[in-house]
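This briefing is meant for a reader who is meeting the structure for the first time. Please look through the sequence and the model before reading the points that follow.

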Amino acid sequence: MKPGSDSFDVAIVGAGVSGANIARRLSAYELDVVLVEKEADVSFGTSKANSGIVHGGFHHNKKYLKARLELQGAMMFDRLKAELDFPFERCGIVVAAMHEDEMRPIEQLYMQGVENGVIGIEMCSRERMLELEPKLSEDCVGGLYAPGGGIVEPYRFVFSLVENAQKNGVRLMTGFAVESAKREGERWTVKAADGRSIKARYVVNAAGLFADEVSRAFGAEDFAIHARKGEYYLLDRMTKCKPARVVFPVPTSVSKGMLVIPTVEGTVLIGPTATAVQDKTDLATTREELDTILKSARNMIPSVSETDVITSFAGLRPFMEEDFYIEPSKKAPAFIQVAGIQSPGLTASPAIGEYVKDLLKKEGLKLVEKADWDPFVRKVPRAKDLSPYELDELVKKDPAYGEIVCRCERVTEAEIVEAIRRGHVTLDGIKYFTRAQMGRCQGGFCTYKILKIIMRETGMGWDEITKRGEGSSVLRGEL
Amino acid sequence: MKEMRFDAAVVGGGAAGMAAALEFAARGLTCAVIEREEQLGGILMQCIHNGFGLIEFNEELSGPEFAERFEEKVRKTAITPLCSTTVIEMEVEGEEKVLSCVSSGLGVIRLRAKAVVLAMGCRERNRGNIRIPGSRPAGVYTAGLAQRLVNIEGYVPGKDVVIIGSGDIGLIMARRMSWVGCKVHAVVEILPYPSGLTRNIVQCLNDFGIPLYLSHLTTNIYGKDRVEGVEITPIENGALMLEKSFKIPCDTVLLSVGLVPENELSKNMGIEINPMTNGPYVDACLMTNIPGVFACGNVLHVHDLVDFVVEEARRAGAFAAEWLAGKRGGKEVRVKAGPNVRYVSPSKVAPARDNKLYLRTLVVKNDAVLEVKLNNKIVRQVKKSHVQPSEMITLTLGQAELEAAASAPDSVLEISIQ
């Protein structure tokens, strides 16, 4: 394909974790692929605000596609981490029963896990649970342990996937909100709200919360995606309540419940709630729900303290029915639906990439492997992870590693510059890439420094800098 | 990695750090001041309003002017200022403390010192700390960040402003934002009384006709991309009056909801922290639980005035210098915060000499009496026409009052407000 051409073999709508995995998978073939995203950066929807968990494979029955993809996807993370340099760790998952009545569902989860072929899954006595997780409440009566479960930084995962896809020729178009689509001969013409348009032979609808709207724009199936809000608290890395493993309560019929999660980066996340909301852009947190989270978390780990709270946030999970909806449209030609990707979507996402690649093949897309496909991204050294000796060596090569910009998460100017050079030019984009502004001061000390670095590196004016894209301008005037 | 060696290292080059360092220099001791910003002065550099130095210099200076006077003194001594340098780790190695510091010019330095003075200051509490619900749009900033943007960087963060919390920085910023042509619609305070100094209420709010809502809680922040407004709810008899909630449209929310001493470095070194102040526990010589490590200024407890900060820092520097000279503290008496007192700093006094104490009340009270008891016996009573939590109280206790403690074991000094 000629650079700048607007005609592609495959267009993927939505650069969340599903779209990113599909794009990266397709980048291994001799195809012209475009990934379009309505937000200012990738991973700015559901993929940025979730529990960041690679699930243990025992929550869902194998009769569901989501369970099969979860099991397959979970196995793919080790290799992906080695290739794509994102934070991931198999710390294990425990499900804590706090009452004798909860031991029956634990047993059912265990049986389901065994049936699903989960390696190392274990029914635990109270003593075993307290040994696995000493921070647990003394009231714990027993539980389940899945050693293969893990934690991942979801936005970094998406950033790496997209970066690697781009390295292998995939074109990314952000700020591209699909408005209409028309099939002309063997091609779709897809128009964005801002007037841009692209052509593609195949289209994959991975539009998350808005997959219903995108489906209608293509004249495909008419379905409704509902949003379920999950609110979270983030706790300081100095907290005393940090568990060694992800701690789940016994699930209910609608949700896996509120968890205590030791994040890969050392902080602790508690939540989420699960509330159906009408407005699919409603990311507001509420006083009542946040109180519920603290109570629920303390029930399992009593040392959870509200004085450790750094911030709260909410994410919206799309749901349409019990299972994922991944299949070629029966109404629109060459249009693949990847919708209703709720939990365990993040875990399943690498397998979704694989699955959609196969669907496209069945639909007639010719897949020829690229001889020069490069599965790796260039690693960014992180000052936080280095010993003083290693940091010293690095500063000699790049003095910007000696400028600490974000003191709370120890992020250097070099890392901020790297984020900007990789296309993350909003405050939130830089936050997700580097962790600057994500620590205990929440940007109180470093925001002005980051603003100056953005202006210097990109040539943007003060009035062009946003928190997360159009409308979210950071500054309103100059003296 | 480079190695450096000093008698003393001061972490932080603000008012406290400079004042402490000057004490070492005055006694001929070698000393480094490690400062992460490009210049010495700390947060004073963005405080371009006046009101600094009334006690210290008997005149009203701006923040940068106050800092400059100390910086000039520092430059005339042999003190080594290490600016644009961040301490990333502190350890104890035998008799020495080792500070790993990083800068772009020198890389990582292993700085060894026999004594260390902690003077890192504090940070602002943020939205998450006080759990304001609502959306997370652009336009929510701490007052200190806004102050930096306006006073140093030359940018205006927003035009229609609501300030949450009536801390001093918030009040100062209410006036500053008004001066740059913004409309400040309200200052909202959860408590029934202001958190800032009375003079700031008068000069920064009343003089500009900015309404102050006391006993009001911010119950929501609206806006998808940029702030569109806040919801304010009155508190009556301790209960939220949700039916009386109202909305104030604005594009900017500034938070002035308290300061927290920044002690993560200290905690990682093993220093014990007092949960009442969030600063280290210190003895009568302002020394932490690690011998040879001292603390002063806002990293020890949050002060109202920089004049108090430098006073305390000078003592910390002098005590540290004495410690380096081999002097070890004598008998000390535990200090207890009694009824209506939130904390007293330091938490010990030495009966053999004068002790300067700083304390904060828990209550607002007119015609109060500050009462000092030693082993349940009143040794001092001070009449106070008015006390409130936002105004720090100073007190000096001397040998005369404390001598009874010199003989009695397990003595306790209790300070209360009656």
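In chain B, the centres of domain 1 and domain 3, taken over C-alpha atoms, are separated by 26 Å. The side of domain 1 of chain B that touches domain 3 of chain B is made of seven nonpolar, five polar and three charged residues. The model is a predicted one, and the points below are grouped by topic.

**Domains of chain B**
- The domain assignment of chain B gives domain 1 as residues 2-123 + 260-329, domain 2 as 126-257 and domain 3 as 334-417.
- Where domain 1 of chain B meets domain 3 of chain B, 15 residues of domain 1 are in contact with 13 residues of domain 3.

**Paired strands in chain B**
- Strand 28 (residues 365-374) and strand 29 (residues 377-387) of chain B run antiparallel and are joined by nine bridges, and within this pairing B:V372 has B:R380 of strand 29 as its bridge partner.
- The hairpin formed by strand 28 and strand 29 of chain B has two residues between the strands, and in this hairpin B:N375 takes a positive phi near 50°.
- Strand 28 of chain B is also joined by five bridges to strand 31 (residues 412-417) of chain B, again in an antiparallel arrangement, with B:L374 standing opposite B:L413 of strand 31.

**Overall form of chain A**
- Chain A contains 13 helices and 23 strands, and the domain assignment divides the chain into domain 1 (1-88 + 150-224 + 320-378), domain 2 (93-147 + 226-318) and domain 3 (383-464).
- Taken over C-alpha atoms, the centres of domain 2 of chain A and domain 3 of chain A lie 32 Å apart.
- The radius of gyration of chain A is 22 Å, which agrees with the value near 23 Å that a compact globule of 479 residues would have.
- Along the principal axes, the C-alpha atoms of chain A fill a box of roughly 65 × 55 × 45 Å, and 57% of the 479 residues in the chain are buried.
- Of the contacts in chain A between residues at least 6 apart in sequence, 71% join residues that are at least 24 apart.

**Where chain A meets chain B**
- The contact between the chains takes 44 residues from chain A and 45 residues from chain B.
- On the side of chain A that touches chain B, helix 8 (287-300), strand 18 (309-319), helix 10 (388-397), helix 13 (447-458) and strand 23 (477-478) of chain A each supply at least two residues, and helix 10 gives the most, with six residues.
- By class, the residues on this side of chain A divide into 21 nonpolar, 14 polar and nine charged.
- Strand 23 of chain A and strand 11 (residues 155-156) of chain B run antiparallel and are joined by two bridges, and A:E478 stands opposite B:Y155 in strand 11.

**The largest nonpolar core**
- In soluble globular proteins, nonpolar side chains tend to be buried together.
- The largest nonpolar core has 293 residues, of which B:A8 and B:F294 touch the most other members, while the largest share of this core, nine residues, comes from helix 8 (residues 306-324) of chain B.
- Apart from neighbours within four places in sequence, B:F294 is in contact with B:A115, B:V117, B:L118, B:L286, B:M287, B:T288, B:A316, B:F319 and B:A320.

Note on methods: Residues are numbered from 1 along each chain as its sequence is written. Chains are lettered from A and ligands numbered from 1 in the order in which they are written. This is a predicted model: local features need pLDDT of at least 70, side-chain atom pairs count only at pLDDT 80 or more; totals for chains, interfaces and linings use all residues. A nonpolar core is a set of buried Ala, Val, Leu, Ile, Met, Phe, Trp, Tyr and Cys residues joined through C-beta atoms within 7 Å. A residue is buried if 20 or more other C-beta atoms lie within 10 Å of its own, exposed if 12 or fewer, and partly exposed in between; C-beta atoms are placed from the backbone. Helices (H or I, at least four residues) and strands (E, at least two) are DSSP runs, numbered from the N terminus. Two residues are in contact if their C-beta atoms, placed from the backbone, lie within 7 Å. The radius of gyration is taken over C-alpha atoms; the globule rule is 2.2 Å times the number of residues to the power 0.38. Domain bounds come from an automatic or database domain assignment. Ala, Val, Leu, Ile, Met, Phe, Trp, Tyr, Cys and Pro count as nonpolar, Asp, Glu, Lys and Arg as charged, and the others, Gly among them, as polar. Two strands pair if DSSP finds at least two bridges between them.
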